[in-house]
Every structure is written in structure tokens, then in C-alpha cells.
Amino acid sequence: MKEKSITDRVKSYEDACAELGLEPARDEALTGVYLSKDELAYRKLKAIVKALNEGWEPEYSDEEWRYFLKAKRGEDGRVLARWCNSSYTYGGVACASADNDSSDTDASIGSRLAFKTRELARYAGKTFEALYADYLL
């Protein structure tokens with residue numbers, strides 16, 4: 001029988017913890033140590049990203065592409081758009097894009113939330129939209 005893909009196995013924070021052999025942390029326990037909503041979301045997302053990457057970790061070499069999730073909030077407060085940004089940089093965590101100017105550089109994306117493929121980043125953005133909204137927005 002063919003093994004299920006990682007995206008079929010990880011559909012929740014609890015699934016990610018099971019993949020990693022971890023006991024899921026209860027929100028009440030984590031907020032009891034004074035974590036804010038964004039910090040709680042970040043802790044959960046780190047486990048989800050690690051599980052989805054199946055052991056791959058970014059090396060931040062000159063030859064490596066990494067994929068990150070970006071989001072923006074609409075007027076009604078909902079996340080309107082999710083898109084992946086790839087980063088191939090010299091010496092670190094960065095993101096470059098062209099918006100209203102000729103270029104815009106940014107180093108605000110958490111390196112621990114990098115994906116090995118664009119498809120995994122898109123999957124995470126759709127599946128874990130609420131967690132990303134809590135973390136990013």
C-alpha cells in the first residue's frame with residue numbers, strides 16, 4: 001500500500017505533533033505562561049512547518065531556494081490573499097519583491113517558517129490560514 005503524502009497526513013497542529021512524536025501543547029497551558037496570540041500561533045506553526053518539511057532544514061547557502069508564506073488582511077479583517085515568496089540570497093534571511101517602487105527588500109520573515117517547496121508553502125497557507133493570520137496579522 002502506498003504511504004500517504006505529508007499533506008494528507010498533516011491537516012492540523014495535532015497531526016504535526018504526531019508526525020514529530022510530540023505531545024501537543026494545550027493553549028491553556030501555553031497562555032498560562034503569558035504567551036500572546038501571535039506567540040502561541042508561532043509555536044504551533046514551527047511544529048507544522050517542521051513536520052511538513054519532513055526533516056529538511058534551510059541551510060541559507062548561496063545555492064538554496066526557500067519558500068515563505070505572506071498574507072494580507074482585507075477591509076473586513078479576513079485574510080484576502082496568500083502567496084509564496086521564494087528567497088535565494090547571499091548570507092541570510094531575506095525577501096525581495098517589486099511593489100510600487102522598483103524594488104523593496106525585507107528581512108522580516110521568520111527563518112524557522114521556511115518551506116522546501118512552493119507547494120508546501122501554499123498548502124500551509126490554505127490549511128492553516130487562521131494560525132498564519134494570528135501570527136502575521
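**Overall architecture and a salt-bridge network**

From the N terminus on, the elements of the chain follow the order α-α-α-α-β-β-β-β-α-α. The chain thus described belongs to a predicted model, and its secondary structure comprises 6 helices and 4 strands. The chain has 137 residues, of which 34% count as buried. Its accessible surface amounts to about 8,800 Å², and carbon and sulfur atoms contribute 46% of that area. Among contacts in the chain with a separation of 6 or more, 60% are made by residues 24 or more positions apart.

The charged side chains were examined next. The structure holds 5 salt bridges, and a network of such bridges links E3, R9, E19, E54 and K116.

In the pair formed by E19 and R9, the side chains meet in a salt bridge with an N to O distance of 2.9 Å. This pair links distant parts of the chain, 10 residues apart: R9 belongs to helix 1 (residues 6–9), whereas E19 belongs to helix 2 (residues 13–20). The relative accessible area of E19 is 35%. Because buried residues lie under 20% and exposed ones over 50%, E19 is classed as partly exposed.

R9 also takes part in a salt bridge with E54, in which the closest N and O atoms are 3.2 Å apart. Here the two partners are separated by 45 residues, and the pair again links distant parts of the chain: R9 is in helix 1, while E54 is in the loop between helix 4 (37–53) and strand 1 (66–73). With a relative accessibility of 46%, E54 likewise counts as partly exposed.

A further salt bridge of E54 involves K116, with a separation of 3.9 Å between the closest N and O atoms. E54 lies in the loop between helix 4 and strand 1, and K116 in the loop between strand 4 (104–106) and helix 5 (118–127), so this pair ties together parts of the chain that are 62 residues apart in sequence. K116 has a relative accessibility of 30% and therefore falls in the partly exposed class.

R9 is bridged to E19 and to E54, and E54 is in turn bridged to K116. E3 is also a member of this network of salt bridges.

Terms used
Residues numbered from 1 in each chain as written. Predicted model: local features only at pLDDT ≥ 70, side-chain atom pairs only at ≥ 80, totals over all residues. Heavy atoms only, no water. Helix = DSSP H or I, 4+ residues; strand = E, 2+ residues; numbered from the N terminus. Buried < 20%, exposed > 50% of the residue type's maximum accessible area, 1.4 Å probe, protein only. Contact = heavy atoms within 4.5 Å. Areas by Shrake-Rupley, 256 points an atom, 1.4 Å probe, with all protein chains shown as cover. Salt bridge = Lys/Arg side-chain N within 4 Å of Asp/Glu carboxyl O.
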